[in-house]
Amino acid sequence: MSDYYLHEGLAQPAATDLDKPYWDGLSEGVLRVQRCNACQGWQWGAEWICHHCHSDDLGFVEVDARGVIYSYERVWHPVHPALKDQGPYIVVLVELPQAGDIRMVGNLLGDPHQEVVIGSQVSGVYEHHNEVETPFTLLQWQTD
Amino acid sequence: MSNSMRGQVAVVGVGETEYYKRGQAPDAEFKLALDAIKTACANAGIDPKDVDGFASYSNDRSDPSHLAAALGCKELRFANMQWGGGGGGGSGAVANAAAAIHAGQADTVVVFRALAQGQFGRFGQGPVRNRIAGDMAYTVPYGLMSPAQMFAMKVVRFMHENGVDQSALRAISLACYAHAQNNPRAVMYGRPLDAEKYDNSRWIVEPFHLYDCCMENDGAAAMVLVSAERAKDFDHAPCYVLGAVSGSHYRAGASVHNTPDYATSTFKTLAPRLYDMAGLQPKDVDVLQSYENFTGGVLMSIVEHGFCAPQECNEFFTQQRFSAEGGDLPLNTSGGNLAECYMHGLGLNIEAVRQVWGESSSQVSDANVSMVISGPMVTPVSSCIFGSEATL
């Protein structure tokens, strides 16, 4: 057994030239997201230019891994062989007010049957997968 | 709208193959496409060799050059693909075909969609691979990977914002299954659904029970469109395109669920354009086909096309209202994607035409204005309104 929220065997995330600072940050236990150096606008996921001002002078800045549950879903039917015996699990869409209300997808840690309240404050938990050939880290969430 | 296509183009023939459960079609996907096109041409009373244009969507694999060669078409003048996945392009392909005819790019255009999931794999499964990069890397490792999972998140938010009960979704499902019991083409013909069976069915992903989700099917469907002027010479009374639009709102395609206006079926900017082009209002619509990938998409589509306010859903969404037998907004009268066939929604467009022709298996009396809403929650989406001669 592992301490991972979902059973192992799903596709593992691979960084691209565009979002390497994000994935590197997670492995260091830090959340870095894209912000425009020209207009200070936020955007997520990572893009090649800023959708606010069209500058390609984009950076990654560190933000608190804290947010608000914007929506959620409890999944019952497995659509991947690795989740065949998983049972229900919760996926949350978390909004980050401190970063221009960008949203991120993660799992809500804890009882998969728990009541989920939209608007609840949540904090990030770094889930390090170090036992694979190319280690990676997922950003999970738990209610405060 | 000064450059309106209203009434300029008409559907003169429709057709489909037998509809199969996924993976059970005896023929290759391309053969299914050819069969549906031949059937639609026969229905119109034209020789398939006179087709000079094709329009489809969702990366249909039966490409127009190959189709034209296989059918012996004398000339190919229009080969059109509406970008975007899912069924969002169903009415968009109708719009593109109508625009091409209205602009003189082609004379006889077939709108079609063909699917053989046994040959090419399923929609409802997640990707099985070792590594994943880009936008999908932000969702798939968290177990968010199927269409039901992508869209449930929007529906949960919409139902939360507007206090919508599960009963609203149930009403949609029950209406579809009830209409399918009158339709021998329907895959769910002879398999009725009641409220108890719905309530007791397993969750796929909350708030979608099994019966809130479309089927996955094999088959093909096609429609033949010509100018209104030519349409008068065909066997069928012309079924006019009164309006047809596609598109999406600001940053609807932003990745990782980051579109600012999130809890939407994507029709808020389209519906006003559709009604403007058609010169009609929601109250004028006699019968509605609204694409059900999942019932939650129908919920928001009906709201966004102005049939009820978001806060009124619990009262508005009833099986009786959606019934072809006396309901005031008959819905998915062939059984739709839930219970007739999931042909990426083109079956809904065909059913809308049949309603205007008076040929539906759940015929609505005096159906003159017939609307289709295609592919909610994706981008781009599309919708269209067909009308009888009386609507011109």
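Domain bounds here come from an automatic or database domain assignment. On that basis, chain A is divided into domain 1 (16–63) and domain 2 (65–144). Keep in mind as you explore that this is a predicted model.

**Where the domains meet**

- The C-alpha centres of domain 1 and domain 2 of chain A lie 21 Å apart.
- Across the boundary, 11 residues of domain 1 of chain A are in contact with 14 residues of domain 2 of chain A.
- On the domain 1 side, helix H1 (20–27), strand E2 (31–36) and strand E3 (42–43) of chain A each give two or more residues.
- H1(A) gives the most to this side, with 3 residues.
- Sorted by class, the domain 1 side has 7 nonpolar residues, 4 polar ones and no charged ones.

**Strand E6: a buried strand**

- All 8 of the 8 residues of strand E6 (residues 89–96) of chain A are buried, so the strand is largely enclosed by the rest of the structure.
- Tyr89(A), Val91(A), Leu93(A) and Glu95(A) point one way from E6(A), while Ile90(A), Val92(A), Val94(A) and Leu96(A) point the other way.

**The neighbours of E6**

- Strand E5 (residues 66–75) of chain A runs antiparallel to E6(A), and 7 bridges join the two.
- In this pairing, Val75(A) stands opposite Tyr89(A).
- Strand E7 (residues 102–107) of chain A also pairs with E6(A) in the antiparallel sense, over 6 bridges.
- Here, Leu93(A) has Val105(A) in E7(A) as its bridge partner.
- E6(A) and E7(A) form a hairpin with 5 residues between them, and Gly100(A) in the turn has a positive phi of about 70°.

Terms used:
Residues numbered from 1 in each chain as written. Chains lettered and ligands numbered in written order. Predicted model: local features only at pLDDT ≥ 70, side-chain atom pairs only at ≥ 80, totals over all residues. Buried ≥ 20, exposed ≤ 12 C-beta atoms within 10 Å, placed from the backbone. Helix = DSSP H or I, 4+ residues; strand = E, 2+ residues; numbered from the N terminus. Pairing = 2+ DSSP bridges. Contact = placed C-beta atoms within 7 Å. Nonpolar A, V, L, I, M, F, W, Y, C, P; charged D, E, K, R; others polar.
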